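Here is a friendly walk through one protein model. Please have a look at the sequence and the structure first, and then read on.

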Amino acid sequence: MASCDMCGRQGDLVTAEVERVEMKVCPNCARFGMIKRKADAAPLLQKKLHKEPAFRVTANYAAVLRQAREKQKLSQEDFARFLQEKESIVAKWEQGRMQPSVEVARQLEKILGVSLVMEDIEQSFEKDKNAKSDGFTLGDFMKVRKKV
Ligand SMILES: [Zn+2]
């Protein structure tokens, strides 16, 4: 019986593409890669299936958080209490020295009614294109706002 290229487990195997390498893997390991669809699948579709949509915290999270706090007229200490976070962490967020995780950012979005998470389109679909700088323009900001 054949064994999985990734974990060595024996059993039914599927052909999966992992990190662009074709492998024979068990269904469990196939979750980490893209199970090969029919050979005639459109290349664009394959590209989209290659990765789950990725999300990232917006580059201007520090300013967004600071502005949200100033709008509420809260001190950093009170803001931290309001968010149920450590003051030192909130301070680092506002200084842009520490980025909240996507999960935390989603919670902050709900609490504050701001936009902090965006789909990482480059990572999801445009990996081949030259990496764009992380600069966050006003145009980007408007795009994010529109999605809400
Ligand atoms: Zn496996």
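## Around L65

Setting aside neighbours within four places in sequence, L65 touches W93 and E94, where a contact means that the two C-beta atoms, placed from the backbone, lie within 7 Å. This is a predicted model, in which local features need pLDDT of at least 70, side-chain atom pairs count only at pLDDT 80 or more, and totals for chains, interfaces and linings use all residues. Residues are numbered from 1 along each chain as its sequence is written.

L65 sits in helix α3, residues 61-71. Helices (H or I, at least four residues) and strands (E, at least two) are DSSP runs, numbered from the N terminus. Is L65 buried or exposed? L65 is buried, because 23 other C-beta atoms lie within 10 Å; the cut-offs are 20 or more such atoms within 10 Å for buried, 12 or fewer for exposed and anything in between for partly exposed, with C-beta atoms placed from the backbone.

## Where α3 meets α5

The axes of α3 and α5 come within 6 Å and cross at roughly 120°. That makes α3 oblique to α5, since angles under 35 degrees count as roughly parallel, over 145 as roughly antiparallel, 65 to 115 as roughly perpendicular and the rest as oblique. Axes are lines fitted to C-alpha atoms, for helices over the stretch in contact, and angles run from 0 to 180 degrees between N-to-C directions.

## Two loop residues with positive phi

Most residues other than glycine have a negative phi. K73, not a glycine, has a positive phi of about 55°. K73 lies in the loop between α3 and α4 (76-83), and is exposed, with 8 other C-beta atoms within 10 Å.

Q84 has a positive phi near 55°. Its place is the loop between α4 and α5 (87-95), and Q84 counts as exposed because it has 8 C-beta neighbours inside 10 Å.

## The whole chain

The protein has eight helices and five strands, in the order β-β-α-β-α-β-α-α-α-α-β-α-α from the N terminus. Of its 148 residues, 17% are buried.
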